Amino acid sequence: ITYMGLVFWTVLRSITNNPQTKGAFGEMIVTSMFTSKFFGEEERYLINDLYFADETGTHQIDHVLIYHKGIFVIETKHIEGTVCGDLEHKDWMVINKGRQYRLYSPVVQNETHVKVINEFFDNKYKVFSIVVFTKENKPLNIGDPVVNFSELKNYIINYPSDENLSSEVMQDIYLKLNDYKKNCTIKKEEYVDVLHDDKHNK
């Protein structure tokens, strides 16, 4: 191996082992799902990487999908290893390469994000939670709202909602969120989600 090759490999490992980089990569994977190539031509709008502050702290929302069935708040987990958890407990466990660490329940985490979006729109629309695992390693025997990436499209298309947002309303929701994002004064480096133990992985 050459010196330059060794440097490249060292830098690459540093990048891919960085929790923020891993998280961003996972979010890119989910974003790709909503392109016309994969999701089709059905009308929908996607906003990524929103920051909100409330009395509990500052929260990052990975994705907000505006679809005729309602507003879907999506939390992405790009985690290596075996994930153990259920809908009843706040503390989950990740086991990877013989090591284990605590993961705050992304279900509970995203419930806070759903609450934030509901409050933003004064509870005017139906807002749903989705937690997606891009490594296809969601906990065994867990149900809604947790899915693997391969299940995401069908989960949304077949979601049992009686909401039926018009094109005009969907556009209005998108524009309001987009305007908020453009004018948001919360900086990414200030983000500390008090509900999420993020020492190891996104």
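## Basis of the description

Because the model is predicted, local features are taken only at pLDDT of at least 70 and side-chain atom pairs only at pLDDT 80 or more, while totals for chains, interfaces and linings use all residues. Residues are numbered from 1 along each chain as its sequence is written, and side-chain values rest on heavy atoms, with hydrogens and water left out.

## Nonpolar cores

A nonpolar core is here a set of buried Ala, Val, Leu, Ile, Met, Phe, Trp, Tyr and Cys residues joined through side-chain atoms within 4.5 Å; buried means under 20% relative accessible area, exposed over 50%, and partly exposed in between, with a 1.4 Å probe and protein chains only. The largest such core has 19 residues, and those with the most contacts inside it are Ile-61, Val-64, Ile-66, Ile-71, Ile-117, Ile-173 and Leu-177. At least two residues of this core are supplied by each of strand S1 (45-54), strand S2 (57-67), strand S3 (70-77), helix H4 (106-120) and helix H6 (167-183), where helices (H or I, at least four residues) and strands (E, at least two) are DSSP runs numbered from the N terminus. The largest share, four residues, comes from S1. Apart from this core lies another, of 17 residues, among them Phe-34, Phe-72, Ile-130 and Leu-152.

Contact means heavy atoms within 4.5 Å. Leaving aside residues up to four places away in sequence, Ile-173 touches Ile-66, Ile-71, Phe-121, Tyr-125 and Leu-165. Phe-52, found in strand S1, counts as buried because its relative accessibility is 6%. With the same exclusion of residues up to four places away in sequence, the contacts of Phe-52 include Gly-57, Ile-61, Val-116, Ile-117, Leu-177 and Ile-186. Phe-52 and Lys-181 stand 129 residues apart in sequence, yet their C-alpha atoms are 9.5 Å apart in space.

Two strands pair if DSSP finds at least two bridges between them. Strand S4 (residues 82-84) and strand S5 (residues 91-96) run antiparallel and are joined by three bridges, with Thr-82 opposite Ile-95 in S5; a hairpin of six residues joins S4 to S5.

S5 also pairs in the antiparallel sense with strand S6 (residues 99-104), over six bridges, and the bridge partner of Trp-92 in S6 is Leu-103. The hairpin of S5 and S6 has two residues between the strands, and in this hairpin Lys-97 takes a positive phi near 55 degrees.

## Aromatic pairs

Rings of Phe, Tyr and Trp (its six-membered ring) pair if their centres lie within 6.5 Å, and planes under 30 degrees apart count as stacked, over 60 as edge-to-face and the rest as tilted. The structure holds 12 aromatic pairs. One of these is the tilted pair of Phe-34 and Phe-39, at 5.5 Å centre to centre and 50 degrees between the planes; Phe-34 is buried at 7% relative accessibility, and Phe-39 is buried with a relative accessible area of 5%.

The pair of Phe-121 and Tyr-125 is edge-to-face, because the ring centres are 5.6 Å apart and the planes stand at 75 degrees. Phe-121, at 8% relative accessibility, counts as buried, as does Tyr-125 at 11%. Phe-52, Phe-120, Phe-121, Tyr-125 and Tyr-180 form one aromatic cluster.

## Helix H6

At 1.5 Å a residue, the 17 residues of H6 should span 24 Å, and its end C-alpha atoms are 24 Å apart, which agrees; the expected span is 1.5 Å times one less than the number of residues. Met-170, Ile-173, Leu-177 and Asn-178 are buried in H6. These residues cover an arc of only 125 degrees around the axis, so they lie on the same side of H6, the arc being that of the directions from the helix axis to the C-beta atoms.

The buried residues of H6 are covered by elements including S1, S2, S3 and H4. The face of H6 turned away from its buried side carries the exposed residues Glu-168, Lys-182 and Asn-183.

## The loop between S7 and S8

Pro-145 lies in the loop between strand S7 (127-133) and strand S8 (146-148), and a cis peptide bond with omega of about 5 degrees joins Asp-144 and Pro-145. Glu-136, found in the loop between S7 and S8, has a positive phi near 60 degrees although it is a residue other than glycine, and it counts as partly exposed at 38% relative accessibility. Asn-141 lies in the loop between S7 and S8 and has a positive phi near 60 degrees, again in a residue other than glycine; at 86% relative accessibility, Asn-141 counts as exposed.
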